[in-house]
Amino acid sequence: MGSVFVYLVLLTPLADQPASTPVIPSEEKILAGLRPGRPRLIAPAEETARLKKLLAEDPTAAAFYKELRSRAEELLRDKTTVQYKLVGPRLLGESRRCLDRVYTLATVYRLEGDQRYAQRAIQEMLAAADFPNWNPSHFLDTAEMTHALAIGYDWLFEVLTPQQRQTIREAILRHGLQEGQKIYRRGGWWTATRYNWNQVCNGGMTIGALALADEDPKLAAYIVHQAVQSVQRAMQEYAPDGAWAEGPGYWNYATSYNVFMLAALETALGTDFGLSKIPGFSVAGDFRIHTLGPTGQTFNFADAGPHAGAAPCMFWLARKFDQPWYAWHEREVVCRQVVRRPTALHLWWYDGRAKPAGSLPLAKHFRHADVVLMRSGWDDSRAVFVGFKAGDNKVNHSHLELGMFVLEADGVRWALDLGADDYNLPGYFGRLRWTYYRLGTEGQNTLWIDRKNQDPKAVASIRAFGSQADRHFAVADLSAAYASLVGKACRGIALLGRQVLVQDEIEQSEGRTIQWQMHTKAKVELRGPEAVLQQDGRTLRLRILEPSGAVFEKVSGNPPPPQRQDPKVSKLVVVLKGQKEPIRLAVLFQPESASQSPPPAVRPLADWANTFGQK
């Protein structure tokens with residue numbers, strides 16, 4: 001399964017897709033197409049009959065529903081409701097709990113007509129409506145709770161008593177929309193940001209406004225008009241190829257709410273005003289597919305965790321943009337139990353199309369985010385997989401990890417990224433951020449020079465990328481990350497068959513201590529310039545090809561409390577000091593499935609295009 005070899009030097013603008021500017025009507029006309037009757041949000045009334053038919057005909061969808069119904073039965077037995085309970089500055093856990101419960105219970109009610117499920121959902125909504133507020137100081141909490149009660153209000157309207165309707169409607173207005181109105185009027189920061197807060201807050205406000213559009217049309221029109229203008233700023237971040245610079249976890253969060261918003265606009269108003277045509281959004285699912293490795297873990301850069309969350313938005317994207325690969329991939333993710341269980345929207349947006357003919361590319365460079373993903377195969381659970389990061393240290397949720405990589409082979413993640421720490425640590429998003437191990441350069445699979453962090457303002461770029469048959473590579477210029485320490489620093493990573501070569505070249509580093517780092521949960525045996533890693537009955541061998549005399553060492557990869565603990569993690573390092581310049585450090589990874597392959601010759605990174613681009 002080869003792909004055409006390409007060599008890229010990124011000196012041209014990224015936005016190579018034609019611009020598309022949404023056409024937004026005036027505030028007075030924006031609700032002109034409002035759909036009469038209910039439900040009108042996300043899954044309108046006629047979708048119930050379609051979904052019942054689907055469940056009778058599609059065994060996979062039926063299996064998803066069985067799981068969802070089981071969850072609803074658990075909730076009938078569990079009489080506890082959401083509580084006004086902040087964790088640090090956040091009510092977010094309770095908002096998400098309410099959202100999940102309302103979607104689950106209301107879906108089962110709509111399909112079966114059993115009042116028990118509706119009444120249990122109403123119990124949750126009334127509990128949330130009784131809160132003193134929805135924590136507008138951390139507006140994600142408010143947006144998600146508004147979303148939860150708006151869906152329940154719309155989907156269960158026929159079941160609600162007049163008093164319940166009034167209570168829930170007033171809560172959506174007072175705790176949700178009126179708080180949002182204040183922020184729009186003063187130009188609050190999230191209305192202008194280009195990251196996940198934008199989509200989540202605008203999405204929650206839009207859904208709440210559309211739920212009450214026939215009861216408070218003036219406020220609803222104002223909210224929707226503001227939201228559809230604001231969300232364009234964040235949606236521009238998908239160009240040109242669908243990636244998300246905050247990492248795969250926040251891709252899921254941002255894209256899910258982007259889809260919630262567009263789906264609600266389409267079902268309630270009959271249009272998304274052209275928002276879905278913003279360049280890059282139609283291929284956003286590519287990022288989800290490529291960042292999931294064969295073990296089901298993500299290339300979890302930035303504040304992302306390794307575990308993939310459910311992404312029913314992949315089904316919506318598949319249907320909206322005729323992308324059957326997205327549907328196939330999300331079904332595989334759920335059926336392989338990569339995620340804990342299917343959600344209600346996996347059913348309402350379900351796409352049962354078969355795996356398309358042909359194959360996906362084995363390597364892809366996402367240009368705006370400047371990350372590269374490479375693998376030896378798609379249908380092999382033991383495939384070799386590499387994620388490699390350049391990009392911008394200033395991006396929201398970033399770590400100081402330019403040059404970082406993860407590596408999987410033979411069904412094991414060998415080189416891992418530690419992911420985020422506790423968001424409630426002091427100064428986590430402030431002045432202490434870079435003092436925490438998991439966020440600073442010390443905790444990354446990259447170079448740590450003179451025990452100093454990378455420049456928090458640095459930008460690194462993928463200067464070359466190639467993919468052909470069983471050979472794929474990328475070269476990143478990391479010089480800006482270490483500008484105060486060395487003259488030049490570049491890293492190349494090549495996937496050659498089932499072997500992986502990580503090669504660093506450093507210039508003007510006299511007197512500096514260079515430390516190569518890799519975190520792992522494997523058992524490590526050191527043999528000078530070689531290291532043997534063992535995990536889950538598999539073996540991976542590392543060998544230092546250059547420079548001669550360099551050896552591996554093992555140190556702790558676990559920071560002191562109160563930082564998050566994982567005593568199973570150790571850090572494999574190579575320390576270079578006083579080396580003849582320029583320095584070239586080449587480390588070869590050989591999984592046991594590649595044990596008979598000869599090692600590649602070490603060539604300068606400048607020659608990699610010729611070396612790995614031709615047989």
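Helix axes here are lines fitted to C-alpha atoms over the stretch in contact, and the angle between two of them runs from 0 to 180 degrees between N-to-C directions. With that in mind, helix 4 and helix 5 pack at an angle of about 135°, their axes 10 Å apart. Please keep in mind as you explore that this is a predicted model.

**Helix 4 with helix 5**

- An angle counts as roughly antiparallel over 145 degrees and as roughly perpendicular from 65 to 115, and helix 4 and helix 5 are therefore oblique to each other.
- The crossing of helix 4 and helix 5 is left-handed.
- On the helix 4 side, M125, A128 and A129 make the contact, while helix 5 brings M145, L149, G152 and Y153.
- By class, the residues in this contact of helix 4 with helix 5 are six nonpolar, one polar and no charged.
- Helix 5 itself covers residues 139-155, which makes 17 residues.
- From its first C-alpha to its last, helix 5 reaches 24 Å, close to the 24 Å expected at 1.5 Å a residue.

**Helix 4 with helix 3**

- Helix 3 (residues 92-112) packs with helix 4 (residues 115-129) at an angle of about 155°, and their axes are 8 Å apart.
- Helix 3 and helix 4 are therefore roughly antiparallel to each other.
- These two helices, helix 3 and helix 4, also make a left-handed crossing.
- Helix 3 contributes C98, R101, V102, L105, V108, Y109 and E112 to the contact.
- Helix 4 answers with Q115, Y117, A118, R120, A121, E124, M125 and A128.
- The contact of helix 3 with helix 4 divides into 10 nonpolar residues, one polar and four charged.

**Helix 4 with helix 2**

- Helix 2 (residues 59-77) meets helix 4 at an angle of about 65°, with the axes 10 Å apart.
- Here again the crossing, helix 2 past helix 4, is left-handed.
- R69, A72, E73, L75 and L76 of helix 2 come into contact with R116, Y117 and R120 of helix 4.
- This contact of helix 2 with helix 4 holds four nonpolar residues, no polar ones and four charged ones.

**Two residues in strands**

- I514 sits in strand 12 (residues 513-520), and I514 is buried, with a relative accessible area of 1%.
- Leaving aside residues up to four places away in sequence, I514 touches L447, W448, I449, I506, S509, V574, V575, L576 and I583.
- T191 lies 323 residues from I514 in sequence and 42 Å from I514 in space, C-alpha to C-alpha.
- E530 belongs to strand 14 (residues 530-535), and E530 is partly exposed at a relative accessible area of 29%.
- With residues up to four places away in sequence set aside, E530 touches E525, L542, R543 and F552.
- Between the C-alpha atoms of E530 and V551 the separation is 7.2 Å, although the two are 21 residues apart along the chain.

**Backbone features to look for**

- Most residues other than glycine have a negative phi, and most peptide bonds are trans.
- I42 is not a glycine, yet I42 has a positive phi of about 70°.
- You will find I42 in the segment before helix 1 (47-57), and I42 is buried, with a relative accessible area of 5%.
- D536 has a positive phi too, of about 50°, and is not a glycine.
- D536 lies in the loop between strand 14 and strand 15, where D536 counts as exposed at 66% relative accessibility.
- The peptide bond from E546 to P547 is cis, its omega near 0°.
- P547 is placed in the loop between strand 15 (538-546) and strand 16 (553-556).
- P561 and P562 are joined by a cis peptide bond, with an omega of about 5°.
- P562 is in the loop between strand 16 and strand 17 (570-577).

How values were computed: Residues are numbered from 1 along each chain as its sequence is written. This is a predicted model: local features need pLDDT of at least 70, side-chain atom pairs count only at pLDDT 80 or more; totals for chains, interfaces and linings use all residues. Side-chain values use heavy atoms; hydrogens and water are left out. Helices (H or I, at least four residues) and strands (E, at least two) are DSSP runs, numbered from the N terminus. Angles under 35 degrees count as roughly parallel, over 145 as roughly antiparallel, 65 to 115 as roughly perpendicular and the rest as oblique. A crossing is left-handed if the near helix is turned anticlockwise from the far one by less than a right angle, and right-handed if clockwise. Contact means heavy atoms within 4.5 Å. Ala, Val, Leu, Ile, Met, Phe, Trp, Tyr, Cys and Pro count as nonpolar, Asp, Glu, Lys and Arg as charged, and the others, Gly among them, as polar. The expected span of a helix is 1.5 Å times one less than its number of residues. Buried means under 20% relative accessible area, exposed over 50%, partly exposed in between (1.4 Å probe, protein chains only).
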